[in-house]
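Hello,

Here is the structure I promised to pass on. Have a look at it first, and my notes follow below.

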Amino acid sequence: MMARRFGSAGAVTPWRNLRWVFTAVWLIFLAYPIGAVATSDHSTATKAIGFTLLTLFALSYLLASVYLLTGTAETDLRGVPLFVLLVLLMVGLFPIIDENAFGAAPFLMVVAAFCFPTRWALICVAAVVVTSVALPRLFGWHTDASIVLVLLAVGLTMLGFRFVAVREGEREREEERRRELDARLAVVAERERVARDVHDILGHSLTVISVKTELAQRLVELDPERAQRELGEVNQLTRDALAQVRTTVGRIRTPDLPDTIAGVDSALHAADIVATLPEPTVDTLHAELFAWVLREAVTNVVRHSGAQHCEVLIDGSSMSVHDDGRGLGDAEHGNGLRGLRERVESAGGTVHFDSDSTGTTVRVQIS
């Protein structure tokens, strides 16, 4: 089986895409400034203000984890106002817990690393570290070396993640360009093959037809019976050539199951849907029909389902396509699925659609 997890933008609802958990989990480290507020000598009202600022900080970062901090190499300038907001909230904590407010600084580094251009991310990370050393000295606070070391470690780690993400993004874009080039070359090669086939078919047939019609024209008065036979052969040659041309065109229009599996893998990849697909070498006598079904079913998954995962199973006489999306809705009565049903039934098979708000399954059985 082929199972992949893809990171490109797609139709997946952000909250359902659990990648945000890997950035939100770091909120546990807010326990340090929370503890500092709780143990401070300030009044209850001042502590309440501190807890409110930390709550707003945590909620802002949580929303950022869901909608911005995906770990990709893409710059997202929505991170700029978020970064400013988090800075202001952290600054509001300084009068309450002094240098302990820097316990919130690692989250600024995460936002900078994942949302800003690489150069600005580096500048912001360096600025946070320098400020964590300079500000306590400026105001006469205690310089907590452990906080500075944590900030250095987090900053270097986040910049490392950014570097890896950039390299991975470049690699994926290069791979995408390679796939597009391969696809264009395949189209050119197919056109050349079709041109050769049509040339061979029509070139030979039309040459013979031309010779026989010229002969029939000369014999029409000298030997009418032979002229009639020659015209009959011309008629048969014409039919044969037409049949061969139709066969050639039919091969172009008929989907190939291995190519279709590769195609839907790419389509699901682009939609950020995890794909569990059979091997392209899957053995079945109904490969052409299953290729049609697979192409139509996955098209609906990509366009309408909002799914996170799609699983395709194929054996000798049956196949199923299952997704965990929001169901077919009105799409169940669309032309595409209606045509799919007609095609399966004309091949002597049956197709069933099971769909609700938790997902859709398309099952095909060939009797």
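Phe139 is exposed, as its relative accessible area of 52% is over the 50% cut-off. Please keep in mind that this is a predicted model.

The ring of Phe139 is stacked with that of Trp141: the centres are 5.1 Å apart and the planes lie at 20°. Both residues belong to a cluster, linked by ring pairs, that also takes in Phe94 and Phe102.

Across the whole structure, a search turns up six aromatic pairs. One of them joins Tyr61 and Phe107 edge-to-face, with 4.9 Å from centre to centre and 70° between the planes. Tyr61 sits in helix α3 (residues 44–67) and Phe107 in helix α5, so this pair ties together parts that are 46 residues apart in sequence. Tyr61 is buried, at 0% relative accessible area, and Phe107 is buried too, at 2%.

Because 11 of its 11 residues are buried, the rest of the structure largely encloses α5. Among those buried residues are Pro106, Met109 and Cys115.

Further along, you will find helices α9 (residues 257–270) and α10 (residues 287–305), whose axes come within 9 Å and cross at roughly 10°. The two helices are therefore roughly parallel to each other. The residues of their contact divide into 12 nonpolar, one polar and one charged. On the α9 side they include Leu257, Ile261 and Val264, and on the α10 side Phe290, Leu294 and Arg295.

Finally, the charged end of Arg343 sits over the ring of Trp292, 4.0 Å from its centre.

Best wishes

Methods:
Residues numbered from 1 in each chain as written. Predicted model: local features only at pLDDT ≥ 70, side-chain atom pairs only at ≥ 80, totals over all residues. Heavy atoms only, no water. Axes fitted to C-alpha atoms, helices over the stretch in contact; angles between N-to-C directions. Helix = DSSP H or I, 4+ residues; strand = E, 2+ residues; numbered from the N terminus. Parallel < 35°, antiparallel > 145°, perpendicular 65-115°, else oblique. Contact = heavy atoms within 4.5 Å. Nonpolar A, V, L, I, M, F, W, Y, C, P; charged D, E, K, R; others polar. Buried < 20%, exposed > 50% of the residue type's maximum accessible area, 1.4 Å probe, protein only. Phe/Tyr/Trp six-rings, centres within 6.5 Å; stacked < 30°, edge-to-face > 60°. Lys NZ or Arg CZ within 6 Å of the ring centre and 35° of its normal.
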